[in-house]
Amino acid sequence: MLLSHLRNISFLAVLSVALTACGPSSQDARTSGSGGGSGAKTLVTLDGSSTVFPISEAVAEEFQKANQGTNVTVGISGTGGGFQKFCRGEIDIADASRPVSASEVAACEKAGIQFIELPIAYDGIAIATNPKNAWADKITVAELKTLWAPDAQGKVKTWNQVRKDWPNREIHLFGAGVDSGTYDYFTEAINGKAKASRGDFTSSEDDNVLVQGISNDELALGFLPFAYFEENAAKLKLVPVDDGKADNGEGAILPSPDTIRTGTYQPLSRPVFIYVSTTAAQRQEVQRFIEFYMKNADALVREVNYVGLGPAAYTMVADRFAKRTTGSVFSGVNTVGVTIDQLLAKEAGK
Amino acid sequence: MRKHADLLFQLLSLATLLLALAALGALVYDIVSDGAGRLSWAFLNSYPSRNAENAGVYHALMGSIWVLALTAALALPVGVAAAIYLEEYGTRSRVAKFIELNIANLAAVPSIIYGLLGLGLFVRLMGMGQSVMAGAATLALLALPVVILSTREALRTVPNSIREGSYALGATKWQTIWNQVLPMATPGVLTGLILALSRAIGETAPLITIGALTYIPFAPDSVWSRFTVLPIQIFNWVSRPQADFHTNAAAAILVLLALLLTMNAIAIIVRDRYQRGVRA
Amino acid sequence: MSTRALEWIIERLLFLCAALSVLTTAGIIIVLAIETVAFLREVPLLDFLTGTEWTPLFANQQFGVLPLVVGTMLVSAIAMAVALPMGLLSAIYLSEYSPSGFRRVVKPVLELLAGVPTVVYGYFALTFVTPLLQQVFPTLSGFNALSPGLVMGLMILPLVSSLSEDAMRAVPQGLREGSYALGATRMQTALKVVVPAAFSGITAAFILAVSRAVGETMIVAIAAGQQPRLTGNPFVPIETMTAYIVQVSLGDTPQGTIEYRTIFAVGMLLFLMTFTLNLISTWLRERFREEYA
């Protein structure tokens, strides 16, 4: 009986070793499957945030039209998943809706991967209510904080608790999912600390659900990415935000591509990034892809409802790539209220 | 009195069945009304795009077919072999019972955990990369418990007299299984395969985890190729803000259902033929 | 090659395939355990298992997993309440009452229910079923446990009905005829003779169904909500263990952090829960099994 088991186990062991040896080398796996046809096509691989995905997809599509010999693929494993693959050398470019974190920088260092950080667009956060809502004509950052602070849980339940002359009716809150960069950024900008907020609001990782929820509920108020507002402008009412600071625009400002880019709509806009590894940047197809990205980002970003950085900033970012400047300017830096131009200029000047 | 109860019971069970079918009908109607208008040859032949009108499902459809075929090729022989061992060779020993428990448990593991396992084992450790093969291997692991469990049940329904008759004629154990038992059990085996593959065809999370892509402008050309599948494309289109993409998603769902129907139809024809042959 | 040698090799190969399941379980346990152990170094096990607040993604982190467990059980219970009786009744109809032509058409159509991608079911629950139910129950929230529970039951129904029906069809016709000969109606035969005879297959189907419900991911991720809360009320948003795992693993959390490790801790708990469930079911099956020559 025991002998029979032993024989089985040794058989198993031999087979497992044999199986481990088979399969393509990681090099093959990277370049194979690059599409049919004669002559292998080169491949550029991206992965990461689902927020940045539409931008990378647009660029990939246009790039491939202009460069038939290269294929570009994009995944959506999430910013964290993207960085993990990136720091293992499994992908060329990581899409990120937040700056790289300290632990991820350490992981890349350990693996010997150096990255070039390239901001590529702004993502604005819009405050929206139901079109039938006649009283919320603007809101201040302080009021948003009253509404969304951790202490507000279970306590701030009616509109008039936020502002005295608003009606004494229930307020129904909607917001981006708590595992998204949108949520992190909103809480940092409004409550001063990332991920600090009340827990009793309807949250969803799928922003379309937020649109549906707010547009069906007269008493709703929510925060969601500006891109999703733009596509559903008829179903939602935008609320201008007053950050109480006169120097970047007096009074309550409505989010729009202009106000987001020039930094007037604050504090609810944030930069999104791509990270390229220096190893990948040695390949011609990757270089051409990034250069194409920088040249065409402004137009393509607008097409997918995000906000471009403006020609000056893109030139600075392209320059950053050309010089192969490694390391992160944004990691750990509180980017609330600062424009890309200011940050990049600071980096260039340092 | 009993006749009344019998009639009532018959009606009740029929009503239940029809209710389930009606719910399915509601689902299909909902999707068809959204997506049927978008279906066209161009839609089936195009690659993804940021413009909803230009986007199509060719890459995802091919990816799904490749992954599905490979998953079936992996799961069926391994699953049937495992079931045969447990049912025909395994004694009522503790080892066999342990394996049995194992398999039942694996049926409950959420698919995303298989994704995490697949990432660590197939993609990285065994070096398969983010390929069709890694995806199919992961899904095969997912499908295995269902295949094994239903094959075992199918083998159990074969009367022992068949086996004994075969031994009496001098056949070996394997000859008995291969020539007598397995053909009789085939209908049940196919039911299990259909159910398992039906689940595999709709899986999203584990494939995203092992690295199936979302934007990929080509169809797989080998089992080591990168890929995407229809559910992932659907998931992606549904979460976009533009309403046109939602229509695309509905159309893509119809394509997926058509693929499922085709696969089921093939399996059912085979199952039917075996069932008729055996019952005669 | 002699037949004996061939038989020996075949038996070894078959064993290998069976043992693969053990290897898979081992693989899963290893993948889960490594991170769970790291997690438990920072969060005491008792806090994890008995705490009533689950907020690892918020600034004020609490790691009590009970809200997720209760959420999972609530949705699964609703799904089972739909799938088990409806599945069994459908199976009885198809096996004992229906003409064979009807069965030939209906069975594959039912199996189609099992093939609809779970993502589709999720959106069906969110955008069709919930609004429909809200007309009956105005207090029903946009995210709730009732809608995905019902839809999940629908998805699992073919699993129960197909496998149960296969088991019932395999019961020898002689048993039925004996029952009819004694004057029993079809209902009595079905309930008192066929179902007990097919008990092994039917329980196998039930166990598979419950396992499937507990492990289902996308339907709940889309339609049940993302608010972990300790409640038995099916009308409010909740979060299940599986939905939480999906939310974090596909989201923006960096890997190697304690938030990310929660995925593995929750996954491990889920695995152990279903293991216990199956242990009990196997014991039950062994006790009530009947065999026919």
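## Reading a nonpolar core and its surroundings

Mentor: Let's start with the core: of the 306 residues in the largest nonpolar core of this predicted model, A:Leu268 and C:Ile156 touch the most other members. Helix α3 (residues 66-97) of chain C gives the most to this core, namely 18 residues.

Trainee: What is a nonpolar core?

Mentor: A set of buried Ala, Val, Leu, Ile, Met, Phe, Trp, Tyr and Cys residues joined through side-chain atoms within 4.5 Å. Buried means under 20% relative accessible area, exposed over 50%, and partly exposed in between (1.4 Å probe, protein chains only). Helices (H or I, at least four residues) and strands (E, at least two) are DSSP runs, numbered from the N terminus.

Trainee: Which residues is A:Leu268 in contact with, leaving aside neighbours within four places in sequence?

Mentor: Contact means heavy atoms within 4.5 Å. Among the partners of A:Leu268 are A:Asp123, A:Ile127, A:Leu144, A:Phe186 and A:Val241.

Trainee: How much of chain A is buried?

Mentor: Of its 350 residues, 57% count as buried. Chain A has 14 helices and eleven strands.

Trainee: And where is B:Ser225?

Mentor: B:Ser225 sits in the loop between α9 (205-210) and α10 (230-238) of chain B. Its relative accessibility is 0%, so B:Ser225 counts as buried.

Trainee: How do I read two helices that cross?

Mentor: Compare their axes, which are lines fitted to C-alpha atoms, for helices over the stretch in contact; angles run from 0 to 180 degrees between N-to-C directions. Here the axes of helix α1 (residues 2-35) of chain B and helix α4 (residues 100-115) of chain C come within 10 Å and cross at roughly 50 degrees.

Trainee: What do we call that angle?

Mentor: Under 35 degrees is roughly parallel, over 145 roughly antiparallel, 65 to 115 roughly perpendicular, and the rest oblique. So α1(B) and α4(C) are oblique to each other. Residues that meet there include B:Leu17 and B:Leu21 in α1(B), and C:Val106 and C:Leu110 in α4(C).

Trainee: Into which domains is chain C divided?

Mentor: Domain 1 (3-42) and domain 2 (66-291), with bounds from an automatic or database domain assignment. Their C-alpha centres lie 27 Å apart, and eleven residues of domain 1 of chain C are in contact with eight residues of domain 2 of chain C.

Conventions: Residues numbered from 1 in each chain as written. Chains lettered and ligands numbered in written order. Predicted model: local features only at pLDDT ≥ 70, side-chain atom pairs only at ≥ 80, totals over all residues. Heavy atoms only, no water.
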